[in-house]
Amino acid sequence: MSISTTRPLSLPPLRNVLVVGGGGREQALAWAFRRCPEIEGIWISPGNAGTSDLEGCTPLAIAETDHEGMAAACSDHAIDLVVIGPEAPLAAGLADTLRGQGVAVFGPSAEGAQLEASKAWAKQLMQEAGIPTAGYWTVANEQDGLALLQQLQRPLVVKADGLAAGKGVTVANTVEETAAAIQEAFEGRFGRAGEQLVLEERLTGPEVSVFALCDGEDMVLLPPAQDHKRLLEGDQGPNTGGMGAYAPAPLLDQAGLEQAREQILEPTLAALRKRGILYRGVIYAGLMLTDEGPQVIEFNCRFGDPECQTLMPLMGPELARVLQACALGRLADAPALTQVKRCSACVVAAAAGYPVSPRKGDPIAVAFSPGPTNTDQRQLFHAGTRHSTEGVLETSGGRVLAMVAQAADFDQAFAKAYEGLMQVRYDGMQFRTDIGHQVRTPKLS
């Protein structure tokens, strides 16, 4: 972020905020916004069963696809800031609709959301801007994909070009696995998202996620995080939307974070501006730390999930103001974003059958009390939950809950998170016991 030599101008009042989405990410954002002393009301649309548990937060029964309904809600509730959580409404242009009504929105336009909504578009932008990333090919049918594979004769990463809820990537270990992934995609595994594929060279190295809060010109970086995509212990099993995370990830120190800013994030923002896109939202850069330096695996146009749940408890009360400043293109006028110097650990509890066919309707028993907002160091964020017609809390999605905890070190943080998870029960509950194995002290046998 550039340094202003003039006194920052005051931002408009920030009393009412609307968070769009119904997952754990949106629950965590609303939880964090409650720390802002100026905010009087927070609405979440559509929210989940945990929304009403957050004091000062009100669910709105408006679908993410209902642009007119969202605009009307902004007018009815005098909304000063909208924060759009999921990628689908961003790609569908919800931010454009609301900005057209004069609402301050943290979230990119539909054109900017192509950074995530089209892998091929993002790869082309990176190539033009000289941003380090794996070599790639784009194919529009099975025949071309298999012909390319026959020519290369090495395993590739197979990615659905469109939005596939974080499950559209196959990192193949053999040529045969690559061929099977290509065939499955073109047979309709990912629907329209898989009508075009991006085939990439495989990279090696640890993965880390970096988040930049952008106002179109400047940016503020959050602490790096690392998530766990595989369903099973030891990073085995199918890819998921994320089974847990931790932050700040020691893989990337301050010098590494600045390198990512200079070589990846700032050039990306500049490349977007060159295309006439004023990107006001978060750029999520999924990086692989290779022997040649950090390279981009993927870009997302929203906060990660579960990285967002992991990071929010580390953010200071200025977060909402910083997002508002980004939405208005005035990051230079924002207060400095303070951060808690602690370790944060997140473990996701998923439903039976996840990620292929998650079971819904299992009653959930929670004997956990999160405690006061500003003093607790453990949080339970709802995601795939709802109340039945009888008022019973039950599962309604693949990833059901996220238990998050903070402590002076990762051993303590994860111990607290798993201790909290033991106070949650439902049939078919599944979670990994090795989240954060990279930063936890191995137990002696």
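Hi everyone, let's start with the aromatic rings: there are six aromatic pairs here, counting rings of Phe, Tyr and Trp (its six-membered ring) whose centres lie within 6.5 Å, with planes under 30 degrees apart called stacked, over 60 edge-to-face and the rest tilted. Before we go on, this is a predicted model, where local features need pLDDT of at least 70, side-chain atom pairs count only at pLDDT 80 or more, and totals for chains, interfaces and linings use all residues. Residues are numbered from 1 along each chain as its sequence is written, and side-chain values use heavy atoms, leaving out hydrogens and water.

One of the pairs is Tyr246 with Phe410, edge-to-face, at 5.3 Å centre to centre and 75° between the planes. Tyr246 sits in strand E15 (residues 244–247) and Phe410 in helix H12 (residues 410–421), so this pair ties together parts 164 residues apart in sequence. Helices (H or I, at least four residues) and strands (E, at least two) are DSSP runs, numbered from the N terminus. Tyr246 and Phe410 are both buried, meaning under 20% relative accessible area, with exposed over 50% and partly exposed in between (1.4 Å probe, protein chains only).

Now for another pair: Tyr418 and Phe431 are tilted, with 6.3 Å centre to centre and 40° between the planes. How exposed is each ring's residue? Tyr418 counts as buried at 13% relative accessibility, while Phe431, at 23%, counts as partly exposed. Ring pairs also link Phe414, Tyr418 and Phe431 into a cluster.

Last, a charge over a ring: Arg275 lies over the face of Trp121, 4.8 Å from the ring centre. The rule asks for NZ of Lys or CZ of Arg within 6 Å of the ring centre and within 35 degrees of the ring normal.
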